[in-house]
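This briefing goes through one protein model by topic, with the cut-offs behind each term given where the term is used. Please keep the sequence and the structure at hand while reading.

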Amino acid sequence: MIRRPLRPLARILRARAEGSDPDLVEAEERAARLAERHRAERAKAETRLLLLGVVFILGFSTVAGRMALVSASVPVEPRAAGDGEPIHAQRADIVDVNGVVLATNIVTASLYAQPKDLIDPEGAARKLAAIFPDLDEKTLAAQLTDGRKFLWIKRTISPEQRQLVHDIGEPGLLFGPRETRLYPNGAVAAHVLGGASFGREGVDAAEVVGTAGVERVFDARLRDPAEVNDPLRLSIDLRVQTALEDVLAQGVSDLHAKGAVGILMQAKTGQIEALASLPDFDPNNRPALPTKGDPADSPLFNRAAQGRYELGSTFKPLTVAMGLEAGLISPQTVIDTKGPMKWGRFTIRDFHNYGPRLTVEDVLVNSSNIGAAHIGLMVGAERQKAFFDKIGMMAPSPVELTEAAKTAPLLPKQWSELSTITVSYGHGMAVTPLHLAAAYASLVNGGLRVKPSIIAGEAPPTEADRVVSERTSRQIRAMLRQVVVRGTAEKADVPGYDVAGKTGTADKPTAWGGYARDKTIATFASFFPADDPEYVLVICLDEPTSFINNTAFRTAGLTAAPVLAHAIRRIAPVLGMRPEEPARAEAPLLYTLAGNH
């Protein structure tokens, strides 16, 4: 940069030579320098003002844009900081084996308040309490006037309720979009589905998460955005499920029972087509967990998967199968049944005196405890335990229900000879009805162990899953058919369907030890047709009573067996099974007829 000289000497010397005033030249030069400095300072000031103007414009534009965005969006409920992941509100449907919807999501709305925008908080509280009777007017009024900025009022509301709230006309009452779970069939298959509730939530969305049943087991799969359009297909048949629940409800009512279980399973695959537990609940309005009393009394308790019961004489076919498989007996082997049987200080008795000897077949037909005890002793404790383990009776059931995974069988603490005796006829070991159904399917389907499943399309068992030989399976089927033809389960016979199975009546343990004589678990484990079983059906009744000539009877032959026969009459036609011969007219009151136990 070339600096301007302070004194223009050349001009001053020239002015002197010309006779001009040199001071005037110097004054002009000072004025020019001052004007140049003013121009530079003005340019710098203008640049600074321009930059400041741009900053202000950008700042005000950002604020205005943010205000517009906030005014156009729904305010989010304050909540603890999370992992920053978005809330996925959608959830895949659950359908039955025929594609009928069992569970789906529907779009509804949530209701919340911004109290600062309310014109009349007390009036709003009064009108809201009239629309929602479960809200307390005084509590709501206090919440709307305590200075908070946000208040949840209802997580979900119906379209009718939304219109009523809208008609209140309060600007501080706002609606948020919400997807909620709907079970269109109400309580049908409630214990299979389980139910769902909200997880993470804001006013603009909420997670729908499973709380029990298949909703919980497959929660991640149902919430996966990549699979939300792919329904989860169960092996449950809604038609069969509904029929079975209706029959059980009638049986519970007629027999004054505390509860009931019904399980229909495909004998060759373990696929469950119906699973019912009464009492039940509506998953659309799932009740709260009990805080006192016996959890088994709650309608949430899944008796099929959680209820561990001593299932009595239904274990005898398992004991006979052990003896047959070990080569110790045949169906015609004569067994000592002379009673009572003494073992130390314990006495084993039969329901009736069946004489000193019975064949193995007649041990099952007459349901002899003493005969089963002798077969159990022949088998021995080690082989008994090994067989129960092999057939799946020593571990939780692998069915896809959260309740089942947490329910292990109750086994003898020390598997003594006495345990071997009592377990052989179904006492001293408690399992779930699901365990029993899977064991019977494995026993009668040709001898292949099935894995009980509630998901459609599970692979059938293979030769590697064999638990008994085909010969043993065939012999068991023939003997259990005789139980229905001429034994304790005559009332389970349904002409045309060749029902086979075994009754079991077990006294219920008391809380203080021992057994109650007037409270039983009555079970009938069956399969049909007997020669080539397609289905296993287990009916279990908790504390049933059948009155005959003013006398109370609690045996499975007079309670569970006729209920099962009624169930097969309802279910078999739905399954497409035609009777082999015309069925005779059904007695209108099966539960009041006399007969064997």
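Which are the buried residues of α10? They are Lys316, Pro317, Leu318, Thr319, Val320, Ala321, Met322, Gly323 and Leu324, where buried means under 20% relative accessible area, exposed over 50%, and partly exposed in between, with a 1.4 Å probe and protein chains only. The model is a predicted one, in which local features need pLDDT of at least 70, side-chain atom pairs count only at pLDDT 80 or more, and totals for chains, interfaces and linings use all residues. Residues are numbered from 1 along each chain as its sequence is written, and side-chain values use heavy atoms, with hydrogens and water left out.

**Overall form**

- The chain contains 18 helices and 18 strands, which are DSSP runs numbered from the N terminus (helices H or I, at least four residues; strands E, at least two).
- Its radius of gyration is 40 Å, well over the 25 Å that the globule rule gives for 597 residues, so the chain is more spread out than a compact globule; the radius is taken over C-alpha atoms, and the rule is 2.2 Å times the number of residues to the power 0.38.
- Taken along the principal axes, the box filled by the C-alpha atoms is roughly 165 × 55 × 50 Å.
- Of the 597 residues, 51% count as buried, while the chain exposes about 28900 Å², of which carbon and sulfur atoms supply 54%; these accessible areas come from the Shrake-Rupley method with a 1.4 Å probe, and for residues only the protein chains shown count as cover.
- Among contacts (heavy atoms within 4.5 Å) between residues at least 6 apart in sequence, 71% join residues at least 24 apart.

**Nonpolar cores and a surface patch**

- The largest nonpolar core has 118 residues, and Leu234 and Phe315 touch the most other members; such a core is a set of buried Ala, Val, Leu, Ile, Met, Phe, Trp, Tyr and Cys residues joined through side-chain atoms within 4.5 Å.
- A second, separate core of 19 residues includes Leu118, Leu128, Phe132 and Leu144.
- Leaving aside neighbours within four places in sequence, Leu234 has contacts that include Ile94, Val95, Val97, Leu102, Ile454 and Ile455, and Asp96 is also among them.
- On the surface, Leu50, Val54 and Leu58 form a nonpolar patch with about 300 Å² of accessible area together; patches are made of residues with over 30% relative accessible area and no salt bridge, like charges being joined within 9 Å and nonpolar side chains (Val, Leu, Ile, Met, Phe, Trp, Tyr) within 5 Å.
- Val54 is found in helix α2, residues 22–72, and counts as partly exposed at 41% relative accessibility.
- An α-helix has 3.6 residues a turn, so residues three or four places apart point the same way.

- Gln241 is found in helix α9 and is buried, with a relative accessible area of 0%; not counting residues up to four places away in sequence, Gln241 touches residues including Val188, Ala189, Glu273 and Leu275.
- His427, in the loop between α15 (417–424) and α16 (433–444), is buried with a relative accessible area of 17%, and the residues that His427 touches include Glu310, Thr505, Asp507 and Tyr515, again not counting residues up to four places away in sequence.

**Salt bridges**

- A search of the whole structure finds 28 salt bridges, each a side-chain nitrogen of Lys or Arg within 4 Å of a carboxyl oxygen of Asp or Glu.
- Arg223 forms a salt bridge with Glu207, with the closest N and O atoms 3.3 Å apart; Arg223 lies in helix α8 (residues 219–223) and Glu207 in strand β6 (residues 205–212), so the pair ties together parts that are 16 residues apart in sequence.
- Arg223 is partly exposed at 26% relative accessible area, whereas Glu207 counts as buried at 11%, and both belong to a network of salt bridges that also links Arg91, Arg181, Arg200, Glu215 and Asp219.
- The side chains of Asp297 and Lys258 meet in a salt bridge at 3.1 Å, N to O, and this pair links distant parts of the chain, 39 residues apart.
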